[in-house]
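Dear colleague,

I am passing on the structure we spoke about, and below it you will find my notes on what came out of the analysis. Please read them with the coordinates open beside you.

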Amino acid sequence: MHDQYDNDPEIIEQVEEVQQNGLVLPDSSLPDRLYILPISNKPYFPAQVQPIIVDEDPWLSTLERVGKTPHKCLALCWAPEPADQIMLPDRFARMGCVVRVHNVVRAEGKIQFIAQGIRRAWVHQWLHRQPPLLASVTYPSPRQEDAQEVKAYAIAIIDSIKELVSINPLYSEELRNYLDRFSPNDPSPLTDFAAGLTTADPSDLQEVLDAVPMLKRMEKVLLLLKKELEVARLHMQINKQVNAKLVEHQRNFFLREQLKVIQKELGISKDDKESDADEFRKRLERCTVPPAAMKKIDEELHKLSLLETGSPEYAVTRNYLDWATSVPWGVFSADKLDIKHARKVLDKGHDGLDDVKDRIIEFLAVGAYKGEISGSILLLVGPPGVGKTSIGKSIAEALGRPFYRFSLGGMRDEAEIKGHRRTYIGAMPGKLVQALKDVEVANPVIMLDEIDKIGASYQGDPASALLEVLDPEQNKEFLDHYLDLRIDLSKVLFVCTANQLDTIPGPLLDRMDMIRLSGYITEEKIAIARNHLWPKALQRAGVKKSLLKISTPALRNIVEGYARESGVRNLEKNLQKIVRKAVIKLLDKPKTAISVSPDNLQDFLGAPIFREEKPIRGVGVVTGLAWTSLGGATLPIEATAVHHRNAGVKLTGQLGDVMKESAEIAYSYASSHIQEYGGDPAFFEKGFIHVHVPEGATPKDGPSAGITMTTALISLARNKQLPRPIAMTGEITLTGQVLPVGGIREKVIAARRQKIKELILPDANRRDFDELPDYIRKGLTVHFADHYRDVYKVIFSGR
């Protein structure tokens with residue numbers, strides 16, 4: 001069922017005919033029984049004349065019976081559309097509108113007629129509850145009310161209608177039709193007409209239809225008119241804003257098109273294709289493009305000129321040319337080959353690491369002697385926080401080259417290195433081409449960070465893709481999959497960083513010149529904190545140096561008690577924590593200077609994380625030296641006899657396979673040679689030995705604890721402890737040979753950190769120790785052992 005206007009001219013003509021000729025029946029001629037027709041859109045008012053459309057099924061019989069009555073009237077009652085599609089009379093509104101039916105037309109299962117509203121009708125009793133619906137009705141009339149108050153409401157309603165018509169001219173036609181039929185001074189039809197104008201909720205309109213008293217009805221209608229006015233004003237405001245934007249957009253469009261036409265007529269403008277092509281050619285003017293690459297670019301430029309700017313292929317070709325012409329073909333920055341300047345830059349940015357600086361200066365010196373620095377691949381290996389990335393930046397600054405860094409950590413797609421094929425949607429060149437575009441020269445310093453954490457997946461192996469990049473014999477013709485052009489990377493200085501070498505593939509490691517950064521000793525950390533970290537922390541917080549100071553003893557306590565790792569990251573975090581705590585105090589007392597000393601250090605950082613550790617002493621207890629990815633560490637090893645009922649050995653401390661084998665070799669050597677070293681052979685024949693490496697939650701592996709475990713077993717068998725603090729490292733064989741181990745610098749620094757002044761190292765590592773800086777070797781007594789007998793003589797000589 002529908003209640004709507006019809007745009008058909010024939011229907012409009014019928015409505016006008018009813019308005020002009022239709023006579024409203026007097027009350028006495030209205031029947032007391034009427035057929036009922038429900039409408040679901042909104043209630044119908046007596047002052048309306050509109051077309052109504054209903055379904056033939058089930059309302060054809062109703063309209064046929066109405067057509068046979070002399071009065072041609074029925075009652076329209078509002079009934080909301082039921083969810084279950086069942087139209088029950090109990091759901092109808094009791095107050096409806098009596099209408100006269102004109103011009104009934106049937107078409108396509110619908111019935112259309114003109115409804116002329118007459119007056120309100122109240123459904124008193126249902127006489128037939130199935131279509132055709134029939135009910136007895138009464139016709140309520142409003143009682144006489146205060147004429148002046150009714151007139152005031154009528155004037156207010158008329159004013160609202162006038163304002164509504166001025167905002168929305170669509171209402172003027174309905175107003176003209178109303179004035180043709182009623183006097184504006186008649187309040188009842190005026191009020192009903194005003195209610196019919198609004199787009200209010202059907203339930204609100206039904207309340208107006210239910211209101212028989214004039215003042216009550218007029219009050220409700222006036223409120224609905226005010227809401228309609230607000231909606232109309234808002235609608236008009238939105239329309240104005242939208243139209244203003246459209247007009248401005250159209251104006252700009254027409255002006256731009258006119259400008260293009262004028263410029264084209266004068267010969268001073270080009271279309272988009274010509275502009276793009278000229279821009280690409282202009283980029284290549286400063287470059288020395290290889291012939292093969294130039295041929296490919298010319299082909300793409302010709303292809304661009306043939307394509308329409310709106311085609312997808314145009315965008316793909318334009319994007320390709322954008323990248324191909326952004327590569328700095330043959331553009332090189334001038335190198336600064338001043339060794340003194342390079343040393344100054346390295347010293348300014350880093351304290352300590354003299355051996356690393358010397359190695360870098362040697363590399364730069366070769367370039368200075370030759371007159372140019374060719375592309376090289378450096379690998380900086382060291383624990384976190386020792387300054388690998390900052391050294392790479394310093395190298396670039398010393399050479400005067402642009403610096404570009406990207407991390408390889410977690411990279412799993414080889415396309416990140418060599419680019420995507422152009423056939424893929426969203427294809428891009430690899431990181432190396434992007435780097436050259438950003439730095440705008442062909443000889444930058446490119447840092448490949450975290451090369452030891454590179455991954456692999458079904459999408460390819462980036463480490464294998466790097467083999468071409470980091471090979472000086474191959475990278476002069478590096479092929480990017482996206483550009484499909486040969487690019488010369490032989491002048492690029494690659495600086496790679498890693499924490500460990502185990503995860504770097506052998507062929508890749510073989511292509512790089514390795515420089516180890518082993519970490520810092522206490523004095524170096526204090527200097528770094530004083531010269532770099534502390535000023536940086538103050539600057540970041542905006543604190544003046546005069547308001548917050550820290551003493552050298554306090555820095556020493558921080559290094560030894562809170563930040564013992566090889567790098568300086570934790571040291572920097574602790575200094576920043578001090579600054580944050582100090583800022584809180586400065587907010588309370590802005591003018592008071594704060595000094596951080598050992599006495600008040602715990603107020604800022606709390607209790608020290610690390611206590612001063614003395615080497616563990618006792619029978620069967622020996623201090624070893626170990627290397628980890630975080631630097632060197634001391635490793636106490638304990639051995640004890642559990643019982644003497646049967647022979648055997650038990651190993652604990654989360655040891656790796658290599659370390660377990662090293663412990664078994666030490667046990668075999670000690671038990672087979674105990675008599676030679678002054679012990680009782682029966683000790684190992686009957687004793688069950690337990691060997692433990694403390695900090696059981698930390699995984700440990702490697703062969704370097706061989707002589708340490710052997711010494712612990714011999715100390716246990718002889719029941720004699722080591723005479724003085726001493727630390728050792730070295731691999732042992734079944735014949736007692738002491739083999740070399742790695743990480744000598746880190747292990748020596750770890751011993752100094754624990755204030756152990758006497759060390760035993762493999763004789764084959766003598767060269768590694770001699771190459772250490774003097775400030776690391778100073779104050780140490782080092783014994784070199786070729787066979788375990790040498791170790792025994794140092795420890796148990798004369799005992």
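Two residues are taken to be in contact when they have heavy atoms within 4.5 Å of each other. With neighbours within four places in sequence left aside, Arg-421 is in contact with Ala-427 and His-481. Please bear in mind throughout that this is a predicted model.

Once residues up to four places away in sequence are not counted, Thr-317 touches Glu-300, Lys-303, Leu-304, Leu-307 and Arg-422.

On helix packing, helix H18 (residues 522-541) and helix H20 (residues 569-588) have their axes 9 Å apart and pack at an angle of about 45 degrees, and H18 and H20 are therefore oblique to each other. The crossing in which H18 passes H20 is right-handed. From H18 the residues taking part are Lys-525, Ala-529, Leu-533, Trp-534, Lys-536, Ala-537, Leu-538, Arg-540 and Ala-541, and they meet Leu-571, Glu-572, Leu-575, Gln-576, Ile-578, Val-579 and Val-583 in H20. Sorted by class, the contact of H18 with H20 comprises eleven nonpolar, one polar and four charged residues.

Turning to the interior, in soluble globular proteins nonpolar side chains tend to be buried together. Here the largest nonpolar core has 56 residues, and those with the most contacts inside it are Trp-329, Ile-451, Leu-466, Leu-470, Leu-483 and Phe-494. Another core lies apart from that one and has 53 residues, among them Ile-361, Tyr-520, Val-543 and Val-579. As for Trp-329, when its neighbours within four places in sequence are left aside, its contacts are Leu-284, Cys-287, Thr-288, Val-289, Pro-290, Ala-293, Ile-297, Ala-324, Leu-485, Arg-486 and Ile-487.

Helix H16 (residues 462-469) is mostly covered, with six of its eight residues buried; the buried residues of H16 are Pro-462, Ala-463, Ala-465, Leu-466, Glu-468 and Val-469.

The peptide bond from Asp-57 to Pro-58 is cis, with omega near 20 degrees, and Pro-58 lies in helix H2 (residues 56-68). Pro-131 and Pro-132 are also joined by a cis peptide bond, with omega about 0 degrees, and Pro-132 is in the loop between strand E6 (110-128) and strand E7 (133-138). Glu-450, in the loop between strand E10 (445-449) and H16, has a positive phi, near 55 degrees, and with 26% relative accessibility Glu-450 counts as partly exposed. Lys-755, in the loop between helix H25 (744-753) and strand E24 (758-762), likewise has a positive phi, near 60 degrees, and its relative accessible area of 47% makes Lys-755 partly exposed.

With best regards

Note on methods:
Residues are numbered from 1 along each chain as its sequence is written. This is a predicted model: local features need pLDDT of at least 70, side-chain atom pairs count only at pLDDT 80 or more; totals for chains, interfaces and linings use all residues. Side-chain values use heavy atoms; hydrogens and water are left out. Axes are lines fitted to C-alpha atoms, for helices over the stretch in contact, and angles run from 0 to 180 degrees between N-to-C directions. Helices (H or I, at least four residues) and strands (E, at least two) are DSSP runs, numbered from the N terminus. Angles under 35 degrees count as roughly parallel, over 145 as roughly antiparallel, 65 to 115 as roughly perpendicular and the rest as oblique. A crossing is left-handed if the near helix is turned anticlockwise from the far one by less than a right angle, and right-handed if clockwise. Ala, Val, Leu, Ile, Met, Phe, Trp, Tyr, Cys and Pro count as nonpolar, Asp, Glu, Lys and Arg as charged, and the others, Gly among them, as polar. A nonpolar core is a set of buried Ala, Val, Leu, Ile, Met, Phe, Trp, Tyr and Cys residues joined through side-chain atoms within 4.5 Å. Buried means under 20% relative accessible area, exposed over 50%, partly exposed in between (1.4 Å probe, protein chains only).
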